[in-house]
Amino acid sequence: MAAVHYAGVSHRYPGSDSLAVDSLELDIADGEFIVLVGPSGCGKSTSLRMLAGLESVESGRIDIGGVDVTTLAPRERDVAMVFQNYALYPNMTVGDNMGFALRNAGMSKADTAARVLEAAKMLELEPLLNRKPGKLSGGQRQRVAMGRAIVRQPKVFCMDEPLSNLDAKLRVSTRAQIAGLQKRLGTTTVYVTHDQVEAMTMGDRVAVLEAGKLQQIASPRELYDNPVNTFVAGFIGSPGMNLIDAPVVDGAAVVGGVRIPVPANAEARVVLGIRPESWSLVGEGVGSVSVAVELIEELGAESFLYGVPPLGTDWSTQSGRLAVRVDRKLEIGLAETVRLVPTLDEVFFFSAATGQRL
């Protein structure tokens, strides 16, 4: 186990004018489970592959356990990689796949078998040790890939979207298993995903990247409660935060019939951030925001309605419509107009020019 430090690390792919990863500064504590999350092309997998030695570092330095590994070959870094596509040898049994790296390193058959059996017990793979990958389900193959990494007892686990090929139900159970297993092993883990729900439910801390730059790193709750800019605010949460561009008149943002006091440093227009759960339905006669219901998502325990503002309004949402969590027992029809008021102490304020939190 070891701490990991990215010191101003950058990477540029050949032929590209822009950096895939731009001056990444990141400290990962010994034994920490950290998740890199962001949209496709944001640089999260590249950051992981540089740590594993699979991509070169254009500038900066990567330390593992206080040792500069920037120029070391992958096999010299003591890092175990778990890939999205499992990367199992189809002609080998589960046990042989898990012990392959140990045998290559010169470990005895007895010690290899003991370590494989120990990992198989952790992952409930004992009955499958003599099967080949072609006879396994997707979830079982993923556990074999995990086992192959575990038996090495590396300093760092690197996991690159390991659940992407699993169905929705299996992803939920497997992510819980991975998080629990990491706590038992205590191995420093860097996990890459594009799924923000996966990131929020697994990581001790979550690093949000966009266009090669680190936007914010914090605990899942801190990211949700205190996003530093509109990108993090809109990316974290399902549905994401409503980002409303509104005019400021006499010290208050005006959205429909609602006036929301803004910080003193707000300009002529401001971006308001309001989570879907921070709205209430109201009747006529109350200063409110009116939207026409365009879509209703029934999720069982809760429902979300999506509404669009009337034509001619001077406020707009960045997504084009407003997302609101409502009581699942309410009967609201499509195209129906509903009136909403926000919970004022749950409104976030961002600069319309820079997107930064005010």
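Predicted model: local features only at pLDDT ≥ 70, side-chain atom pairs only at ≥ 80, totals over all residues.
**Burial, ring pairs and enclosed space**

Biologist: Why does Tyr89 count as partly exposed?

Modeller: Tyr89 has a relative accessibility of 35%. With a 1.4 Å probe and protein chains only, buried means under 20% relative accessible area, exposed means over 50%, and partly exposed is what lies in between.

Biologist: How many aromatic pairs does a search of the whole structure find?

Modeller: The search finds three. One of them joins Phe33 and Tyr191, with 5.8 Å from centre to centre and 35 degrees between the planes.

Biologist: What makes Phe33 and Tyr191 a pair, and is it stacked, tilted or edge-to-face?

Modeller: Rings of Phe, Tyr and Trp (for Trp, its six-membered ring) pair if their centres lie within 6.5 Å; planes under 30 degrees apart are stacked, over 60 edge-to-face, and the rest tilted.

Biologist: Where in the chain do Phe33 and Tyr191 lie?

Modeller: Phe33 is in strand β3 (residues 33-37) and Tyr191 in strand β8 (residues 188-193), so the pair links parts of the chain 158 residues apart. Strands (E, at least two residues) and helices (H or I, at least four) are DSSP runs numbered from the N terminus. Both Phe33 and Tyr191 are buried.

Biologist: Which ring does Tyr89 pair with?

Modeller: Tyr89 pairs with Phe100 at 4.8 Å centre to centre, and an angle of 55 degrees between the planes makes this pair tilted as well. Tyr89 lies in the loop between β6 (79-82) and α2 (94-104) and Phe100 in helix α2, so the pair ties together parts 11 residues apart in sequence. Phe100 is partly exposed, at 22% relative accessible area.

Biologist: How do you know that Arg275 lies over the face of Tyr224?

Modeller: A charge sits over a ring if NZ of Lys or CZ of Arg is within 6 Å of the ring centre and within 35 degrees of the ring normal. Arg275 is at 3.8 Å from the ring centre of Tyr224. Arg321 lies over the face of Tyr306 at 5.0 Å.

Biologist: What makes a cavity a cavity, and what is the volume of the largest cavity?

Modeller: On a 1 Å grid over the protein atoms alone, a cavity is a set of points where a 1.4 Å probe fits but cannot get out; a pocket is an open set with protein on both sides within 12 Å along at least five of seven lines. The volume of the largest cavity is about 30 Å³.

Biologist: Which residues line the largest cavity?

Modeller: Its lining, meaning residues with an atom within 4 Å of a point, includes Leu123, Arg143, Met146 and Thr174. Helix α5 gives the largest share, four residues. Thr174 is in helix α5, and at 7% relative accessibility Thr174 counts as buried.

Biologist: How much space lies in the largest pocket, and what lines that pocket?

Modeller: About 490 Å³ lies in the largest pocket. Among its 16 lining residues, Val79, Ala80, Met81, Ala101 and Arg152 lie nearest its centre. The elements giving two or more residues to this lining are β6, α2 and α4.

Biologist: Why is helix α1 called largely enclosed?

Modeller: Seven of the nine residues of α1 (residues 44-52) are buried, so the rest of the structure largely encloses the helix. Among the buried ones are Lys44, Leu48 and Ala52. Just after α1, Gly53 takes a positive phi of about 90 degrees.

Definitions and conventions: Residues numbered from 1 in each chain as written. Heavy atoms only, no water. Points joined across faces, edges and corners; volume = space filled by probe spheres on them.
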